[in-house]
Amino acid sequence: MKKITLLFLATFLTFIISSCSKTEETATPVTVVGKWTLGGLGVITDKKTVDVTTAELSKIDPKIGEGFATYTFELKADGTSNTPDSDGKLDAGKYTVSADNKLLTITSNFKKDSKGVLMVQKIDIVTLSASEMKLGIAKLSNKGTDGDFIVDFFSNDFLAYVFASYVFAAKGLNAETEVNAAKTLQTTYNLKR
């Protein structure tokens, strides 16, 4: 009887010890909810990815670095947002995120387009982690017969093209050479929590 009790006790303790050592790992879902600060800009081409901080941008143009350092994006759990507009002022609105966390759609509460419709921004989420998020400004892929990207000067295409020049210059690279060598180019806002 003692042997059976000791065997039972040994088996029970082994079970308890092995159960305690197996902690269940539950992954915390990554979310866009929170307050995000612009930490820098990036360029993704078919050949390379280049990221710069706002401090690096300040070295080539203090006004740009200063301006970007104040950009904050707040995406609240209730689906409302406070994001900077083109003037750097906060624009209240609503947002949604696609099921695969690849697209952020922000609808302004008061800014309207030329047709009187509330403005909607569709922004690619290039990367998302618990502490960092890269938002795609625009992706350029069409080149003319001269080899230059075809850019609409009144759109995010132009903004992406200009930002790419700043990013390359801040890294000491020849912006014209880098842009001409790329087949595709996307500029990113690099945000940090």
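Which residue forms a salt bridge with E56, and how far apart are the closest N and O atoms? The partner is K171, with the closest N and O atoms 3.0 Å apart. The structure discussed here is a predicted model.

## Overall architecture

The protein chain contains five helices and nine strands. Along the sequence, these elements follow the pattern α-β-β-α-α-β-β-β-β-β-β-α-α-β.

Of the 193 residues in the protein chain, 31% are buried. The accessible surface amounts to about 12,300 Å², and carbon and sulfur atoms contribute 58% of this area. Among contacts with a separation of 6 or more, 52% are between residues 24 or more positions apart.

## Nonpolar core

The largest nonpolar core has 37 residues, of which L41, F68, L104, M133, L135, Y189 and L191 touch the most other members. Helix α4 (residues 156–170) supplies the largest share of this core, namely six residues. In soluble globular proteins, nonpolar side chains tend to be buried together.

The surroundings of L135 can be described in detail. Apart from neighbours within four places in sequence, L135 is in contact with F73, L104, I123, D124, I125, V126, T187, T188, Y189 and L191.

## Salt bridges

Four salt bridges are found in a search of the whole structure. One of them joins the side chains of K134 and D51, at 3.0 Å from N to O. This pair links distant parts of the chain, with K134 in strand β8 (residues 132–140) and D51 in strand β2 (residues 49–53), 83 residues apart. K134 is buried because its relative accessible area of 15% is under 20%, whereas D51 is partly exposed at 30% relative accessibility.

The salt bridge between K171 and E56 likewise links distant parts of the chain: K171 lies in the loop between α4 and α5, and E56 lies in helix α2 (residues 54–60), 115 residues apart. K171 is partly exposed, with a relative accessible area of 38%, and E56 is also partly exposed, at 22%.

A further salt bridge brings together the side chains of K192 and E132, at 2.6 Å from N to O. K192 belongs to strand β9 (residues 185–192) and E132 to strand β8, 60 residues apart. K192 has a relative accessible area of 41% and is partly exposed; E132, at 39%, is partly exposed as well.

E178 is located in helix α5 (residues 175–181). With a relative accessible area of 16%, E178 is buried. Leaving aside neighbours within four places in sequence, the contacts of E178 are K48, F168 and L173.

Definitions and conventions
Residues are numbered from 1 along each chain as its sequence is written. This is a predicted model: local features need pLDDT of at least 70, side-chain atom pairs count only at pLDDT 80 or more; totals for chains, interfaces and linings use all residues. Side-chain values use heavy atoms; hydrogens and water are left out. Helices (H or I, at least four residues) and strands (E, at least two) are DSSP runs, numbered from the N terminus. Buried means under 20% relative accessible area, exposed over 50%, partly exposed in between (1.4 Å probe, protein chains only). Contact means heavy atoms within 4.5 Å. Accessible areas come from the Shrake-Rupley method with a 1.4 Å probe; for residues, only the protein chains shown count as cover. A nonpolar core is a set of buried Ala, Val, Leu, Ile, Met, Phe, Trp, Tyr and Cys residues joined through side-chain atoms within 4.5 Å.
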